[in-house]
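Hello,

Here is the structure I promised to pass on to you. Have a look at it first, and then read my notes below.

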Amino acid sequence: MQLERNVIRLFPEYLRFKWRSVAGLGETLQEIRLRCEKPVILYAGGEEWFLDGSGKLTRDRERAQLLSGEELAQIVKHICRYSLYAYEEEMSRGYMSADGGFRVGIAGEVVLNPDGSVRNVRYISSLNIRIAHEAKGAAAPVLPWLYNGERLENVLILSPPGCGKTTLLRDIIRMVSDGNDCAPGQTVGVVDERSEIAGCFQGVPGNDVGSRTDVLDGCPKGEGMMMLLRSMAPKVMAVDELGSREDVNALEQVLKCGCSVLATIHGASYEELCRKRFLQPLLEGHVFGRFVVLGRRDGKFAVEQIRDAEGRILAEGL
Amino acid sequence: MLAAMGACLVLAGAAGAGACLCLERKKRIAQLYLFTQVFGLMAGEIAYSRISLPEVFLEAGRRLEGDQGLGGVLRRLGKRLCDGTGQDIRTVWEQELGEYLRRTHLKPEERERILSFPSAVQYLDGARQQEAVAAFSRGFSEKAQQAVQAQKEENKITMALSVACGALAAILLA
């Protein structure tokens, strides 16, 4: 119900009647794709759906209603609370964070800075609303593999987009923070650069990330990790989507301070991960004690493999 | 004796009416300064923390005291925009501020200007948004200063005229 309510809240009041059936898809709903003067496309349970004029779901493309530019503009304004300027930084990176911890990817006409870097996106013509799921208990089968005694190993979760990396990370954070069968609760620092993990509103997490968790919301990963390290003394540091050499450098600093690290990264397989250049210093140093590889099974995310620091498979098909 | 007392009362009443007019001007000036302060606070919040407009309203509302006054209106406005009902900012602004403005002594064009606020500040760029909100603050500050200047002369004339009217009425009635 909470998810349905959060999905409905993405849309302005006068458009909500059209989106009730979409929200009704509940936990199976993965993505909502909105494009100017194109049919609305939904991905739920691994299948593609369209939305007709009366708000009913259909597989027939011919019956699909086109989304007008005005409706798209209203949805954008509503998502960013009539404050596009407040999303300037995020939009320059191609997304907006919506209430409920959803991330909304954007495309349109890019505005450049004099130095050629992206400043903003105007005339937004496409939105990709990625539905964040809170799956409590999803980490339970994985957790025993992530501990060495009572110490949490450095864990890297990898999967292609949309396979539940952030969902699993969120639940691991919650269980590590609250304590579990393997170890008592530990202080967890979360650098939530894209507000997807904790879904903060005015700094307060909307998702359950545990009682010993401190969240730095909307902060760049590298800077955020150092800030938390200096000020909050976490035992475990969690970040989403490592993607650059700077992230890796900051992570190395965290590791030097004795923190355990929970992180995610895009990648289809462990082999693909090993080919990522920026990650080589960490892989060669066997920094990560566990690699959790995710995939999809029956439209839901599933743990395909858990590997150790040497890449040996410890568990499969959890 | 009674006629003298009546004349005094007529004079006092006329002076009182004049004083009321002066008081209304004073209240209008205070309200113009209040809106100068509110828009200034909002511009400051946008410049400093780049928070969204509903959060700006909540923050500015918190800084202004009193639930019945503008602070309470802004806090209600912010809450309504954050409560997930999906209401349009212009509708909510017009409902909340419209009701409040009806109780003020501001001129119709000043009320219109305030009601146009959500439409006037829809910028993609933070600096321009801040500038647009700050322009509202400057506008009301200028109006307040002009009103202060005008008030001195207008008050003198109002008081002189009302006392003169009172004196004339007293003479005619005597």
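Let me begin with a helix in chain A. The buried residues of H2(A) pack against helix H1 (2–8), strand S1 (29–35), strand S2 (41–44) and strand S3 (47–51) of chain A. Helices (H or I, at least four residues) and strands (E, at least two) are DSSP runs, numbered from the N terminus. A residue is buried if 20 or more other C-beta atoms, placed from the backbone, lie within 10 Å of its own. H2 covers residues 16–23 of chain A, and its buried residues are A:Trp19, A:Val22 and A:Ala23. Seen down the helix axis, they fall within an arc of 90 degrees (taken from the directions from the axis to the C-beta atoms), so they line one face of H2(A).

A word on the source: this is a predicted model, in which local features need pLDDT of at least 70 and side-chain atom pairs count only at pLDDT 80 or more, while totals for chains, interfaces and linings use all residues. Residues are numbered from 1 along each chain as its sequence is written, and chains are lettered from A and ligands numbered from 1 in the order in which they are written.

Next comes the sheet. Chain A has an open sheet of 8 strands with mixed pairing, in the order S12-S11-S13-S14-S10-S15-S16-S17; two strands pair if DSSP finds at least two bridges between them. Strand S12 (213–217) and strand S17 (313–316) are the edge strands, each pairing on one side only.

A:Val188 stands opposite A:Thr213 in S12(A) and opposite A:Val236 in S13(A).

Finally, the two chains meet: 16 residues of chain A are in contact with 19 residues of chain B, contact being C-beta atoms, placed from the backbone, within 7 Å. On the chain A side, these residues divide into 6 nonpolar, 4 polar and 6 charged. Here Ala, Val, Leu, Ile, Met, Phe, Trp, Tyr, Cys and Pro count as nonpolar, Asp, Glu, Lys and Arg as charged, and the others, Gly among them, as polar.

Best wishes

Conventions
A residue is buried if 20 or more other C-beta atoms lie within 10 Å of its own, exposed if 12 or fewer, and partly exposed in between; C-beta atoms are placed from the backbone.
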